[in-house]
Amino acid sequence: MNDRLIRALTADGRVRVIGVNITQSLNEAHRRHHLSAVATASLGRAMGASLLLASNMKQPQARVNVRVAGDGGLGLVYADAGFDGTVRGFVTNPQFTLPPLADGQQNVSQGVGQTGFFKVMRDVGYGEPYSSTVELIAGDIANDVAWYLASSEQTYSKLMLTEVIDQDNSEAPVKVAAGILLQIMPMATLRAAKTANLSQEDLLIQLEAKSDPQNFMDLLLQDKAIEEVMTEIFADMHLDILPMTKDVKFHCPCSLDRMLAAMKMFGEEDLRSMIAEDKGAEATCHFCGEVYHASTEQLNNLLADLQVAKA
């Protein structure tokens, strides 16, 4: 089943529900970065969170990146996603391992750490990107995103991020990885009072009851599509799926040409050293693990470009 992002509203318009399946994308990230099980789970949650946050932006070229920097052994967990459904990311210490929890789930909170910072940078597609940072409160990423939305954007949100990792499958260990973001829409209290006579407190209690990660995981493991899972969880709230479905995929825009353009920043002396001593150069993209090789001829061309620019 292809990775997809689905947007929906409850029939009364009080709650926005966004769901995303990233199973294939996370398996691709695992393949590229050779991630441990806990690193796979942690990066998957960051990737899912970044896609869910990016889904509310307006411009096709808009992007969101999420940086989770805790005191756990994983180091920095970084994910970058676009409104177009593309996502990529990396973990500083991809081979860091921890034993799973008693229920078989990966110990993301310990891997990330519970002391540190959660930073979100938004590039809306024009002007300067803007960012906001909050302290980690859980290290499980889901609760940290909800805390960020509450403190930085004053939006009540509930986030479920889950994954099932089969450590015996070295090629594609991710059986399922997905997320759901719930957000109360502006004026929801007034709208509720006029329609269902429900207070804001009643609505919060209702959403808390539906935010059961175990139920979410159980439905996913039944091979249900993400929209089917969303519809079942919110059956009594009459969910309306919006015609804004997006395919999701792991994608990095890196290329040899971009690498060569960046290498001009080394300057003439360093480029001459690479030519004389290394007979070329090699660079690895942090985001996707792709390795690029520059020949001596290509480095000489860079030198020529720098000399023309100086003339």
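Ring pairs link Tyr78, Phe90 and Phe287 into a cluster. Rings of Phe, Tyr and Trp (its six-membered ring) pair if their centres lie within 6.5 Å; planes under 30 degrees apart count as stacked, over 60 as edge-to-face and the rest as tilted. This is a predicted model, in which local features need pLDDT of at least 70 and side-chain atom pairs count only at pLDDT 80 or more, while totals for chains, interfaces and linings use all residues. Residues are numbered from 1 along each chain as its sequence is written, and side-chain values use heavy atoms, with hydrogens and water left out.

Stay with the rings. The structure holds four aromatic pairs. Tyr78 and Phe90 are stacked, because their ring centres are 5.3 Å apart and their planes stand at 15°. Tyr78 lies in strand β4 (residues 76–82) and Phe90 in strand β5, so this pair ties together parts that are 12 residues apart in sequence. Helices (H or I, at least four residues) and strands (E, at least two) are DSSP runs, numbered from the N terminus. Both Tyr78 and Phe90 are buried. Buried means under 20% relative accessible area, exposed over 50%, and partly exposed in between (1.4 Å probe, protein chains only).

Phe90 also pairs with Phe287, edge-to-face, at 5.5 Å centre to centre and 75° between the planes. Phe287 lies in the loop between β13 (281–284) and β14 (291–294), so its pair with Phe90 in β5 ties together parts that are 197 residues apart in sequence. Phe287 is buried, as is Phe90.

Charges meet rings here too. The charged end of Arg88 sits over the ring of Phe287, 3.7 Å from its centre. Lys246 lies over the face of Phe83, at 3.9 Å from the ring centre. A charge sits over a ring if NZ of Lys or CZ of Arg is within 6 Å of the ring centre and within 35 degrees of the ring normal.

Now follow the strands. An open sheet of six strands runs in the order β7-β6-β3-β4-β5-β12, with mixed pairing. Its edge strands are β7 (130–135) and β12 (249–250), and each pairs on one side only. Two strands pair if DSSP finds at least two bridges between them. Strand β5 (residues 86–91) and β12 run parallel, joined by two bridges. There, Val87 stands opposite Phe250 in β12. Helix α4 (residues 142–152) packs on the sheet and touches β6 (116–123) and β7; its direction makes about 115° with that of β7. Angles run from 0 to 180 degrees between N-to-C directions, with axes as lines fitted to C-alpha atoms, for helices over the stretch in contact. Contact means heavy atoms within 4.5 Å.

Val124 lies in the loop between β6 and β7. Leaving aside residues up to four places away in sequence, Val124 touches Met57, Gln59, Ala62 and Tyr130.

Strand β1 (residues 4–10) and β2 run antiparallel, joined by five bridges. They form a hairpin with four residues between them, and Gly13 in the turn has a positive phi of about 75°. Six of the seven residues of β2 (residues 15–21) are buried. Seven bridges join β2 to strand β9 (residues 174–184), again antiparallel.

Helix α1 (residues 23–33) has buried residues that include Leu26, Ala29 and His33. The buried residues of α1 pack against β2, α2 (37–54), β5, β9 and β12. Just after α1, His34 takes a positive phi of about 55°.
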